[in-house]
Amino acid sequence: MFLDVVIAACAALAAVGLVMAGFKLFRASPPRWMMAAVAALAIIAVTAAVRYQWADRTAGLLPPHMVVVERLEEKTLLEPWSLVQPVATELVVADSASIKRNPAHPGMAMIDILLLRRDAETLIQRHLVDCAGKRDAVVTMGAGYGPDGLPAGLEWVEGGPAKLFETACAQEQAEAPPA
């Protein structure tokens, strides 16, 4: 966040410098309000650019085993341009290196899901994915296990991002015997 402020301040100073140089070149004097307006527009433009680039920049920095399964976008009146093109403010990332399987339940996989937010801490949740049923459930901390070997108290959610099922179930498909 501090870096964003520094970038915006530098952009404002650069924009004001360019406009002042243009006025000096043509031996004219700018209106009193113009430098403040130029600085404000530069700050808004740079802030918008940084916000729009965050998701792609962050996804590019992830290690190969981390797969972006969903981008959560936001529209807000405080950023009217986001009503036309929403801003990705959160990334849902699956850690394929964390996949665990239980031989007693071959159609299921346990995987860590990370919720990356631009200005907040990263949240990590463990999910149980039912590959055949195309559903998943959050495995809560301290959840006991039932007699069937599955975590107790699961609340299944149907559907979800297709990329989650592709990532969690990919090894299962590779391990499946040929038909």
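Leucine 128 is buried, with a relative accessible area of 4%; buried means under 20% relative accessible area, exposed means over 50%, and partly exposed lies in between (1.4 Å probe, protein chains only). The structure is a predicted model, in which local features need pLDDT of at least 70 and side-chain atom pairs count only at pLDDT 80 or more, while totals for chains, interfaces and linings use all residues. Residues are numbered from 1 along each chain as its sequence is written, and side-chain values use heavy atoms, with hydrogens and water left out.

**Leucine 128 and its surroundings**

- Leucine 128 sits in strand E4, which covers residues 123-130; helices (H or I, at least four residues) and strands (E, at least two) are DSSP runs, numbered from the N terminus.
- The residues that leucine 128 touches include Met108, Ala109, Met110, Arg135, Asp136, Ala137 and Val139, leaving aside residues up to four places away in sequence. Contact here means heavy atoms within 4.5 Å.
- Leucine 128 also touches Leu150, Pro151, Leu154 and Trp156.
- From leucine 128 to lysine 100 the separation is 28 residues in sequence and 9.4 Å in space, C-alpha to C-alpha.

**The sheet**

- Six strands make an open sheet in the order E1-E2-E3-E4-E5-E6, with antiparallel pairing. Two strands pair if DSSP finds at least two bridges between them.
- Strand E1 (66-74) and strand E6 (157-158) are at the edges; each has a single partner strand, so one side of each has no neighbour in the sheet.
- E1 and E2 run antiparallel and are joined by eight bridges. Methionine 66 has aspartate 95 in E2 as its bridge partner.
- E3 and E4 also run antiparallel, with eight bridges between them. In this pairing, methionine 110 stands opposite leucine 128 in E4.
- Five residues link E3 to E4 in a hairpin.
- E4 pairs with E5 in the antiparallel sense over five bridges, and arginine 126 stands opposite valine 139 in E5.
- The antiparallel pairing of E5 and E6 has two bridges. The bridge partner of aspartate 136 is valine 157 in E6.

**Nonpolar cores**

- In soluble globular proteins, nonpolar side chains tend to be buried together.
- The largest nonpolar core has 14 residues, of which Ala94, Ile111, Ile113, Val129, Leu164 and Ala168 touch the most other members. A nonpolar core is a set of buried Ala, Val, Leu, Ile, Met, Phe, Trp, Tyr and Cys residues joined through side-chain atoms within 4.5 Å.
- Strand E2 (87-102), strand E3 (105-117) and helix H3 (162-175) are the elements that give two or more residues to this core.
- Alanine 94 touches His65, Met66, Val67, Val69, Ile111, Asp112, Ile113, Leu164 and Thr167, when residues up to four places away in sequence are not counted.
- There is a second, separate core of nine residues, among them Trp54, Leu62, Met66 and Val93.

**Exposed and partly exposed positions**

- Alanine 97 is in strand E2 and counts as exposed, at 58% relative accessibility.
- Alanine 97 is 33 residues from proline 64 in sequence and 9.5 Å from it in space, C-alpha to C-alpha.
- Phe2, Leu3, Val6 and Ile7 form a nonpolar patch on the surface, with about 400 Å² of accessible area together. Accessible areas come from the Shrake-Rupley method with a 1.4 Å probe, and for residues only the protein chains shown count as cover.
- Patches are made of residues with over 30% relative accessible area and no salt bridge, with like charges joined within 9 Å and nonpolar side chains (Val, Leu, Ile, Met, Phe, Trp, Tyr) within 5 Å. A salt bridge is a side-chain nitrogen of Lys or Arg within 4 Å of a carboxyl oxygen of Asp or Glu.
- Valine 6 belongs to helix H1 (residues 2-25) and is partly exposed, with a relative accessible area of 33%.

**Positive phi angles**

- Most residues other than glycine have a negative phi.
- Arginine 27 is not a glycine, yet has a positive phi of about 50 degrees. Arginine 27 lies in the loop between H1 and helix H2 (34-61) and is exposed, at 79% relative accessibility.
- Lysine 134, also not a glycine, has a positive phi of about 50 degrees. This lysine is in the loop between E4 and strand E5 (135-139) and is partly exposed, with a relative accessible area of 45%.
- E4 and E5 form a hairpin with four residues between them, and lysine 134 is in the turn.
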